[in-house]
Structure formats: C-alpha cells, structure tokens
Amino acid sequence: QVQLVESGGGLVQAGGSLRLSCVASGRTASYYAMGWFCQAPGKEREFVATITWSGTSTYYADSVKGRFTISRDNAKNTVYLQMNSLKPEDTAVYYCAADRSTITPATGSPRFWGKGTLVTVSS
C-alpha cells in the first residue's frame, strides 16, 4: 500500500497562487500514478489533475487547464500541483490520490487517498 500526506493549502486572494505537495511512502510509491481531486462543501469529489508514474503523461479537468500544473519528483516520492490564477470557485479540500493504474476522468476512483488540504480563495 501507499500512504499520502498533502501540504500547501491555505488562504489566498483571487488571482493568487499556491503549490500543493503530496509525499507518498511505501514500497512501490515511486511507481504509482498520482493526482489531485477536490471536494467543496455539499458537492461531490471531482477530478482535478493526474500524472503517470513516469511523469510523461498528464490529465487535467477542463476547469483548470491553463491555470494548474501537475508534476512529480520520483526521487522525493512527491507530486505537486501548482495552482495559478486561483478563483473563488477553486475553494475546496484538495485530496492527493494514487493508484497503480493510470488515473483519468474515465477511470474509477483511485485506490489510495490522503486526508486532504484546504484551499480557500477569497474575492
């Protein structure tokens, strides 16, 4: 199994930036596809962005394309989400996720989840 710990959430003004980090630990942590999902109060958890274990392929929700960038550093077993041009509607708890299979909007829910980090964007 893999354990995931997120960090980097906080309060920012609209138009600002944050960088979320997720550190994975486990025997095969470097070989997991990883990504980010978000959940706002009263809403379903939604796909944000994912990256393959090699870092060669990425997938983004339409709502964040051009604003967010996902990347990973396998030497550190860490995935990042650079969030630019933040909007109030981006406010949510952001969850790191991992799976041994590629994660895309068409696939099922990832196998492993972190506890989440709160991002609040004020207007």
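1. Ser 7 stands opposite Ser 21 in S3, and Gln 3 stands opposite Ser 25 in that strand. These positions belong to the antiparallel pairing of S1 with strand S3, residues 18-25, which runs over five bridges; strands are DSSP runs (E, at least two residues) numbered from the N terminus, and two of them pair if DSSP finds at least two bridges between them.

2. The model is a predicted one, in which local features need pLDDT of at least 70 and side-chain atom pairs count only at pLDDT 80 or more, while totals for chains, interfaces and linings use all residues. Residues are numbered from 1 along each chain as its sequence is written, and side-chain values use heavy atoms, with hydrogens and water left out.

3. The open sheet consists of four strands in the order S1-S3-S8-S7, with antiparallel pairing. Its edge strands, each pairing on one side only, are S1 (3-7) and S7 (68-73).

4. In a regular strand the side chains alternate between the two faces of the sheet. For S1, the covered face holds Leu 4 and Glu 6, whereas Gln 3, Val 5 and Ser 7 make up the uncovered one.

5. Thr 117 lies in strand S11, residues 117-122, and counts as buried because its relative accessibility is 10%, where buried means under 20% relative accessible area (1.4 Å probe, protein chains only).

6. Among the residues that Thr 117 touches, leaving aside those up to four places away in sequence, are Glu 6, Ser 7, Gly 8 and Gly 9, contact being heavy atoms within 4.5 Å. The side chain of Thr 117 also reaches the backbone nitrogen of Gly 9 at 3.1 Å.

Conventions: Buried < 20%, exposed > 50% of the residue type's maximum accessible area, 1.4 Å probe, protein only. Polar contact = N/O pair within 3.5 Å; in protein donor to acceptor, adjacent residues only side chain to side chain.
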